Amino acid sequence: MDQPEPMQIRVSSPGDIAQLVPYLVGFTPEESLVVSAIEGGRVQVTARVDLAEVTAPGRLEDLLDRIWSRFPGAEATAVVYTADHQTGWETLIRCEDTLPHGCLSMLIDGDTWHLLDGTTGTVDRYGETAVQAAVAGLRPLNRRTDLAAAFASPPDSDELDQRLGAALATLPPAQDKAAIVAFTAELLARNLPAREPGEAVPEARAGRAMPDADAIQLSVLAQHPAARDLALLSISRDNAPQHLQLWQQVVRASPAYGADMPLYLAGMAAWVSGDGASATIALERISDADPPPTDAHPARLLEGLIDQVVPPSAWESLRTAVRADVDPVARRALAAELRDRPADRAGWPPAPTATTARQTERNQRRPPAPRIGLQP
């Protein structure tokens, strides 16, 4: 079946940009810099970073270098959200000086946007551009903390321990890999939210709760490499929003001490769907765990995708490459869903290998990973 063309949102004025940014990011930023790379009339990537993270010399420039090494011909918009106009304008001037083609710079303070030439206007949060974004399936939340709540595990309790014990009692034996993979596939099929053709967000079952037993079982099964491979490779550009919803429900129903793998799968689904804010929040929760993830943790893949500003359009070729290395049991379970295709990475440029003079000067400190909002 032919997939419907994604809805295009036309932006023609600074006021339109002010309306659209919260939809690109996924929430209304605060004390933040938001930079979008625009190529061929389309937003290729939107990055948000705390202003405090880019005030030190070189930090902002490193972030912009990473993005524009991926999209060297892109035009840019740079929007600072702050009431500190001096810091905001200084940051925007640094953006203009660093970006190869300059940028359209804007400062937003509360409900008022400002341009460098003194032009101002009111942010119309319910204007035509905001309506178009909502119709296209983009959903901003009021604050980043609202988005983070979707990745919060429940507090420890005797009741949660009892649910965990009951769920574990009915799982296949850990050594029975085929049964583990088959049961994982069954739980995914039973709980994946439905989506109508052309629907941007699976609204019909967005509020339908997964049974706690299924959620806890999936959180445990995700610790098994073959089951995790199956779950990861079941994510496609078409169904990634449903997988994000599913793994968010798993996280919210399961103990925090076993949430790292569900968070990883939620983060990967968010990245594939273009929801960079959710991908970053999932990664932050994994990184804040005690003990922290090892260098061999699967979440290092998600970390690299965000850090290297890889667009979600790369997922299909990356998924083909990953599939070649997974457990044969998981690969066989995916045979009916995935078709073998040669990896074709022509759609996105490789990460640069040459070190520029500017990058050499800054190699003493690792720059902040951009909070990427990758648009399909």
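Pro262 lies in helix α11. In this predicted model, Pro262 has a relative accessibility of 1% and therefore counts as buried, the cut-off being under 20%. Leaving aside neighbours within four places in sequence, Pro262 is in contact with Ser219, Ala222, Gln223, Trp247, Val250 and Val251. Pro262 and Leu218 are 44 residues apart in sequence, yet their C-alpha atoms are 8.0 Å apart in space.

Helix α11 has 14 residues. From its first C-alpha to its last it reaches 20 Å, which is close to the 20 Å expected at 1.5 Å a residue. How much of α11 is buried? The count is 13 of its 14 residues, so the helix is largely enclosed by the rest of the structure. After α11 comes Gly274, which has a positive phi near 90°.

The largest nonpolar core of the protein has 71 residues, and Trp247 and Trp271 are the ones with the most contacts inside it. Helix α11, spanning residues 260-273, supplies the largest share of this core, with 10 residues.

**Helices α7 and α9**

Helix α7 covers residues 177-191 and helix α9 covers residues 225-233. The two pack at an angle of about 35°, and their axes are 9 Å apart. The crossing of α7 past α9 is right-handed. On the α7 side, the contact is made by Lys177, Ile180, Val181, Thr184, Ala185 and Leu188. On the α9 side, Ala226, Ala227, Leu230 and Ala231 take part. By type, the residues of this contact are eight nonpolar, one polar and one charged.

Why is α9 described as largely enclosed by the rest of the structure? Eight of its nine residues are buried, and that is the reason for the description. The buried residues are Ala226, Ala227, Arg228, Asp229, Leu230, Ala231, Leu232 and Leu233. The elements that cover them include α7, α8 (212-221), α10 (240-253), α11, α14 and α15 (328-333).

**Two residues with positive phi**

Most residues other than glycine have a negative phi. Glu31 is not a glycine, but its phi is positive, about 45°. Glu31 lies in the loop between α1 (14-25) and β1 (32-39). Val309 is not a glycine either, and its phi is positive, about 55°. The loop that holds Val309 runs between α13 (299-307) and α14 (315-323). Are these two residues buried or exposed, or in between? Glu31 has 43% relative accessibility and so counts as partly exposed, whereas Val309, at 0%, counts as buried.

Leu92 is placed in helix α3, residues 85-98. With a relative accessibility of 0%, Leu92 counts as buried. Not counting residues up to four places away in sequence, Leu92 touches Ala78, Val79, Val80, Ser105, Met106 and Leu107. Leu107 is 15 residues from Leu92 along the chain, and the C-alpha atoms of the two are separated by 8.2 Å.

Ala47 is placed in strand β2, residues 42-50. Its relative accessibility of 4% means that Ala47 counts as buried. Ser36 is 11 residues from Ala47 along the chain, and their C-alpha atoms are separated by 6.4 Å.

The table lists the C-alpha pairs mentioned in this report.

| Pair | Separation along the chain | C-alpha distance |
|---|---|---|
| Ala47 and Ser36 | 11 residues | 6.4 Å |
| Leu92 and Leu107 | 15 residues | 8.2 Å |
| Pro262 and Leu218 | 44 residues | 8.0 Å |

**The protein as a whole**

The protein has 16 helices and seven strands. Of its 376 residues, 51% count as buried.

Technical notes:
Residues numbered from 1 in each chain as written. Predicted model: local features only at pLDDT ≥ 70, side-chain atom pairs only at ≥ 80, totals over all residues. Heavy atoms only, no water. Core = buried A, V, L, I, M, F, W, Y, C linked by side-chain atoms within 4.5 Å. Buried < 20%, exposed > 50% of the residue type's maximum accessible area, 1.4 Å probe, protein only. Helix = DSSP H or I, 4+ residues; strand = E, 2+ residues; numbered from the N terminus. Expected span 1.5 Å × (residues − 1). Axes fitted to C-alpha atoms, helices over the stretch in contact; angles between N-to-C directions. Left-handed = near helix turned anticlockwise from the far one by under 90°. Contact = heavy atoms within 4.5 Å. Nonpolar A, V, L, I, M, F, W, Y, C, P; charged D, E, K, R; others polar.
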